[in-house]
Amino acid sequence: MYKLLKTSGRAKRGEFHTPHGVIQTPVFMNVGTLAAIKGALSTEDLERVKCQVELSNTYHLHLRPGDEVVKKLGGLHKFMVWDKPILTDSGGFQVFSLTSLRKIKEEGVYFNSHIDGRKLFIGPEESMRIQSNLASTIAMAFDECAPALADRGYVENSVARTTRWLYRCKAEMDRLNSLDDTINKQQMLFGINQGAIYPDIRIEHAKRISELDLDGYAVGGLAVGETHEEMYHILEEVVPYLPQNKPTYLMGVGTPENILESVERGIDFFDCVLPARNGRHAHVYTNHGKLNLLNAKYELDDTPIDDTCDCPVCRRYSKAYIRHLFKAKEMLAMRLCVMHNLYFFNTMMEEIRLALDEDRFESYKRAKLDGFKENGK
């Protein structure tokens, strides 16, 4: 159940009550593709960096170790020793990214595994069964993520099929939640709005899927080739047609700047691989812009990554030391930077929530964006 606590323009401050605890929104979900954050972070580390929701990948876990294996081991929460909410994506984005390896049919998608080439099939029912086996808190509907710049005719046909698939997902989720051997009988389902960069297609789809009264709604198919301005325009057009009394999730976004702009446009949930991926390559986020710790100027820099940050890394380690670790190819370098970046993102979401609580989001956003421009070298 979603409880809307406050609004500021279109920005929303809420609480989402789930079988695995309450999520304070707006929230950034930390991406653990294979039930682990890339960069050697443990479940204890996730707690340390203030993670509220962990996101795992349906497609990858279906291939390895196998969703039935995870079910036999008690579900994803028990498997990775995490008792807070978990969202699993539907596998659709990964399947549709395998352009040369897949074939789309009304029943679902036939494709070849990127690991060993074996033939596989995932449709709406299969995606729901995989996610039910994983026993995540929130399951995502199976959809087609059409290219943002696809032609109108293709997008119209794709969205119509995605709508038909959503009805099948809901029916199968209802059936699975009623079975005796289902681990999480209260598994929630989010639908996904598609339509590329065509506002009228997006709006019509939003109206249609809102009729299903799902637990939440995502805006998918953005941050996949269009400009930031196009993405913001689509959000401005479509979010008002999604239920305000349900959480709204912008999939795969994004940078701190993207998040601030999207909160202002009514988004509650975010996820992105950027903080972990960038951290593994020595790129770290600060309140004064993004830094590349491989730069020579940090060789003798004994200050923390960000002197305004209270994360476990900034409390103890210097830029010079972390730079040395990267140069020496020590795994600790990646671990420290990923930990800092996730702490930075999760702390920023805390600050956003507090600013909304105190009716000062607009001034907070402006100051935060100004700070990011200070450097970034």
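Buried residues are those with under 20% relative accessible area, exposed ones have over 50%, and partly exposed ones fall in between (1.4 Å probe, protein chains only). The model described here is predicted, so local features need pLDDT of at least 70 and side-chain atom pairs count only at pLDDT 80 or more, while totals for chains, interfaces and linings use all residues. Residues are numbered from 1 along each chain as its sequence is written, and side-chain values use heavy atoms, with hydrogens and water left out.

Helices (H or I, at least four residues) and strands (E, at least two) are DSSP runs, numbered from the N terminus. Just after α10, Gly266 takes a positive phi of about 100°.

Within it, the side chains of Arg265 and Glu236 meet at 2.9 Å, N to O. Because Arg265 lies in the loop between α10 and β14 (269–271) and Glu236 in helix α9, this pair ties together parts that are 29 residues apart in sequence. Arg265 is buried at a relative accessible area of 12%, whereas Glu236 is partly exposed at 32%. Arg265 also meets Glu264 in a salt bridge, at 3.8 Å from N to O, and Glu264 is partly exposed with a value of 30%.

Across the whole structure, a search finds 28 salt bridges. Another of these pairs Glu144 with Arg161 at 2.7 Å, N to O. The two residues are 17 apart and link distant parts of the chain, Glu144 in the loop between β10 and α7 (152–177) and Arg161 in helix α7. Glu144 is buried, with a relative accessible area of 2%, and Arg161 also counts as buried, at 15%.

Turning to backbone geometry, most residues other than glycine have a negative phi, and most peptide bonds are trans. Ala135, in the loop between α6 and β10 (138–140), has a positive phi near 65° and is buried at 3% relative accessible area. Ala223, in the loop between β12 (216–219) and α9 (228–238), has a positive phi of about 60° but is partly exposed, at 43%. A cis peptide bond joins Arg64 and Pro65, with omega about 10°, and Pro65 lies in the loop between α2 (58–63) and α3. Another cis bond joins Thr25 and Pro26, with omega about 5°; Pro26 sits in the loop between β3 and β4 (27–31).

Strand β3 (residues 21–25) runs antiparallel to β2 (residues 11–18), and 5 bridges join them; strands pair if DSSP finds at least two bridges between them. The two form a hairpin with 2 residues between them, and Thr18 has Gly21 as its bridge partner in β3.

Note on methods: A salt bridge is a side-chain nitrogen of Lys or Arg within 4 Å of a carboxyl oxygen of Asp or Glu.
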